[in-house]
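Here is a short walk through one structure, part by part. Please look over the sequence and the model before reading on.

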Amino acid sequence: MDEAGNPGRETHQKEPLAAFSGGGNLGDQVFRVLTAFFAALAVLVLAAMALQMFRAALPSLKQFGWKFLSSTDWDPVLDSYGALPYIFGTVASSILALLVALPVALGTAIYLAELAPLWVRRPLGILVELLAAIPSVIYGLWGIFVMSPWLRDSVQPLLQKIFGWTPFFKGVPRGFGMMAGCLVLAIMILPTIASVSRDVLLAVPNSIREGALALGATRWEMVRKAVLPCAKNGILGAVILGLGRALGETMAVTMVIGNRPDISWSLFSPGHSLASVIANEYAEASGDLYLSALTELGLILFGVTLLLNILARVLIWRVARGPAGARN
Amino acid sequence: MPGYFRRKTFDILARWGSLAMVMVALVPLVAVLGYLTYKGIGGISWAFFTQLPKPVGETGGGMANALSGSAILVGLAGLIGLPVGLLGAIYLAEYGDNAFGKGVRFCTDVMAGIPSITVGIFVYGLVVLRMRRFSALAGAVTLAILMLPIVMRTTEELLRLVPVTLREAGLALGLPKWRVILGVVLRTGASGIATGVMLAIARVAGETAPLLFTAFGSRFISLKLDQPMGSLPVQIYTYAVSPYEDWHRQAWAAALVLVLLVLALNLLARVITRQPGSGR
Amino acid sequence: MSTAASNFSIQTRDVNLWYGDFQALKNVSVNINQGEVTALIGPSGCGKTTLLRCFNRINERYGNVKTTGEIRILGKNAYDPDVSLIELRKAVGMVFQRPNPLPISVYENVVFGLRVHSARSSLKKSLLDEAVEKSLQEVSLWDDLKDRLHVRATTLQLEQQQKLCIARLLPLKPEVILMDEPCSALDVEATLAVEDLMLALAGTYTILIVTHNMAQARRVSRECAFMLLGEVVEVNRTQDLFLTPRDSRTADYIEGRYG
């Protein structure tokens with residue numbers, strides 16, 4: 001079974017010795033099957049999640065069909081549900097967050113992997129990763145009491161003064177709303193994109209860098225013309241990974257986005273998202289169809305993030321092979 | 001030399017530009033940590049750690065319920081999730097260079113990106129609906145599932161750093177492979193395992209969304225696993241969105257405690273082992 | 001030595017180099033003849049690659065490198081503070097152990113150097129086309145690749161990749177080409193082909209090659225330098241060095257007592 005692997009590790013116990021090793025060999029078999037079982041459990045959980053959520057969402061799927069995606073009703077009293085405002089809020093806030101986070105994250109990744117002096121790479125890298133370690137609810141807390149008031153009092157009036165004529169900055173500056181949601185999301189996905197991109201860049205073989213440098217390229221030319229072309233698919237993967245994280249992010253968003261299922265062009269108006277409506281209403285959902293509709297929202301979220309993550313991983317794995325062993 | 005000056009300028013611009021991006025990226029870190037300390041430090045007191053929440057309207061009280069609840073939830077999640085994750089990681093590191101191993105690895109990578117709230121929905125159907133009530137057990141199962149991909153992948157990567165020569169030394173002594181793994185690989189890789197465990201705990205200790213409808217919350221210290229249980233992050237959320245000044249103060253204090261815990265675990269995990277992939 | 005001082009492409013005096021605390025080069029003083037192939041030989045870890053990488057200062061990629069002494073390339077000390085790394089590397093090309101074409105087309109690989117080194121307006125398509133044809137012809141790849149100029153360079157056979165790595169240096173009109181075990185990733189036939197290419201290019205360019213393979217050094221080089229533990233032990237005409245080594249350590253190495 002291990003032909004693909006490291007031959008040096010396995011050769012010791014192939015056939016010729018089997019006659020001598022007796023019990024040990026049985027122990028190996030047992031141990032191997034045991035650990036394989038637990039490894040498989042991870043896959044089973046993922047499959048069970050898909051299955052269970054699909055089953056729980058079935059009543060809603062049957063009742064509303066495709067209309068669920070395009071309807072803007074969300075009325076527990078009349079038992080009529082549609083997901084459009086939530087899908088809109090999720091997609092809009094995530095894409096805006098991506099636009100905000102992307103330049104910063106790429107700049108960070110390039111600096112950390114290519115341009116920084118060697119001695120600052122590790123400490124700065126750890127700081128960026130710590131940004132990812134701070135729990136979502138903390139960003140939410142900070143968003144409520146620090147960021148939103150700041151947006152309301154300083155940023156939004158200014159934006160309105162300058163860009164008030166566009167549809168994006170209309171309405172009363174409230175602080176809470178789409179803009180706060182997408183900013184807090186941007187902060188949260190930034191370290192994901194930055195650190196995965198950095199790892200992808202580091203996986204580009206050194207010989208590529210030296211080849212470019214030896215031709216007299218500057219460091220920046222080396223990055224732009226030799227390293228980035230090698231890494232571009234992996235970086236795309238990192239971006240998709242960040243997008244997936246933004247779509248599913250819950251607490252920080254629900255705490256600042258305003259939680260009203262409106263569809264509006266204005267960044268100042270409140271919005272809602274798939275994850276935040278689930279967080280807000282799941283515990284109190286009375287009625288089977290209500291719960292089922294909420295589960296269907298979860299299923300949509302699950303399906304989309306699953307696909308995005310599969311895509312992202314395929315892209316990243318092609319550049320930077322996942323397991324360390326396969327790299328040698 | 002044509003364009004030499006221009007090229008040099010671009011090079012320098014790129015360096016400073018990307019450094020500026022790093023600084024921008026770190027602004028939120030500094031801002032969040034700064035505000036947490038500034039607003040949270042005042043709320044931390046003996047009562048905060050030892051007392052139960054006071055009824056609405058009365059000031060004072062503490063978060064003993066949430067602290068104990070978080071400890072129980074995370075501990076129980078560890079009991080369920082860590083053995084599965086560690087054994088799975090051993091498989092991936094030691095036997096996993098085949099199609100099955102690749103598949104598992106891929107699934108765990110994908111699983112790490114699935115929103116935690118959907119895991120909550122899964123466990124709601126699996127545990128909460130069957131038991132007909134929110135429970136600590138459901139919360140712990142949720143956290144255990146969330147731990148799984150982190151423990152598996154981190155531990156695997158770090159076990160792979162144990163040199164092949166050590167394994168071969170064990171095998172050459174006539175030990176069967178499983179004894180080599182348990183005796184040599186795990187002992188040498190102990191720091192790697194500790195790292196994986198700590199990162200996983202740090203990750204789930206701050207998890208909020210799925211707990212809202214699995215463990216729910218409780219204002220009392222309880223040891224009953226079939227009853228709702230409070231937790232630090234959920235209480236921070238509840239207090240933060242409440243209209244009461246005193247609760248806000250406590251939310252900041254709780255947030256400070258939580259962040260210190262999570263960051264300490266993260267830093268410790270990095271001190272113990274160099275993370276694979278960070279720097280050369 | 002018969003050549004006059006002005007005919008040296010590279011002259012080093014008392015070059016010392018440390019990686020952190022480890023001294024990799026000790027008082028290296030050698031002269032490299034212009035327009036000839038010179039080989040650097042010696043057991044692994046003797047510093048020959050390090051020395052080679054001093055000549056275009058690509059060693060400096062690693063933060064903890066300290067170099068002292070003087071390396072004159074075409075009469076100019078490469079370690080003077082006013083030296084531009086860009087211009088230095090333009091004049092001193094390098095070929096690596098493993099072929100490392102950039103992950104772009106064959107055509108773009110060849111003109112990469114031109115593109116980074118010249119203003120965009122001065123690069124007419126005809127000029128680039130001409131440079132590509134000329135360079136590929138010089139490395140005898142033109143006939144093989146003229147219809148495949150736009151395939152990704154990383155899809156070529158290793159031999160073609162390595163020749164391409166040589167070809168992409170040529171539009172910059174380098175004075176010196178450094179080769180770091182350029183054949184170690186290639187099979188026998190490809191090795192011979194690349195060696196032929198070296199012989200053909202000698203005369204136009206000064207070629208400095210690091211090799212493990214003593215037979216290869218004998219086949220391609222006019223002069224040969226033997227290094228051991230960071231020092232240059234002996235430099236001589238290749239055939240003299242192999243037939244009548246002056247230093248007993250050289251003799252030991254050639255006879256295979258170590259390395």
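**Chains and their parts**

Where chain C meets chain B, six residues of chain C are in contact with five residues of chain B. The chain C side of this contact consists of two nonpolar, three polar and one charged residues. The model is a predicted one.

Within chain C, two strands can be followed from one to the next. Strand E1 (residues 8-19) of chain C runs antiparallel to strand E5 (residues 65-73) of chain C, and eight bridges join them. One of the pairs puts C:Tyr19 together with C:Val65 in E5(C). E5(C) also pairs with strand E6 (residues 76-77) of chain C, again in the antiparallel sense and over two bridges. Here C:Ile73 stands opposite C:Lys76. E5(C) and E6(C) form a hairpin with two residues between them. In that turn, C:Leu74 has a positive phi of about 55 degrees.

Chain C also has a pair of helices to consider. The axes of helix H3 (residues 106-117) of chain C and helix H4 (residues 125-138) of chain C come within 9 Å and cross at roughly 110 degrees. Because of that angle, H3(C) is roughly perpendicular to H4(C). From H3(C), the residues C:Tyr107, C:Val110, C:Val111 and C:Leu114 meet C:Leu128, C:Ala131, C:Val132, C:Ser135 and C:Leu136 of H4(C). The residues of this contact are eight nonpolar, one polar and no charged.

Chain A is described here as a whole. Its secondary structure comes to 14 helices and two strands. Of its 328 residues, 53% count as buried. Among contacts in chain A with a separation of 6 or more, 76% are between residues 24 or more positions apart.

Key. Residues are numbered from 1 along each chain as its sequence is written. Chains are lettered from A and ligands numbered from 1 in the order in which they are written. This is a predicted model: local features need pLDDT of at least 70, side-chain atom pairs count only at pLDDT 80 or more; totals for chains, interfaces and linings use all residues. Two residues are in contact if their C-beta atoms, placed from the backbone, lie within 7 Å. Ala, Val, Leu, Ile, Met, Phe, Trp, Tyr, Cys and Pro count as nonpolar, Asp, Glu, Lys and Arg as charged, and the others, Gly among them, as polar. Axes are lines fitted to C-alpha atoms, for helices over the stretch in contact, and angles run from 0 to 180 degrees between N-to-C directions. Helices (H or I, at least four residues) and strands (E, at least two) are DSSP runs, numbered from the N terminus. Angles under 35 degrees count as roughly parallel, over 145 as roughly antiparallel, 65 to 115 as roughly perpendicular and the rest as oblique. A residue is buried if 20 or more other C-beta atoms lie within 10 Å of its own, exposed if 12 or fewer, and partly exposed in between; C-beta atoms are placed from the backbone. Two strands pair if DSSP finds at least two bridges between them.
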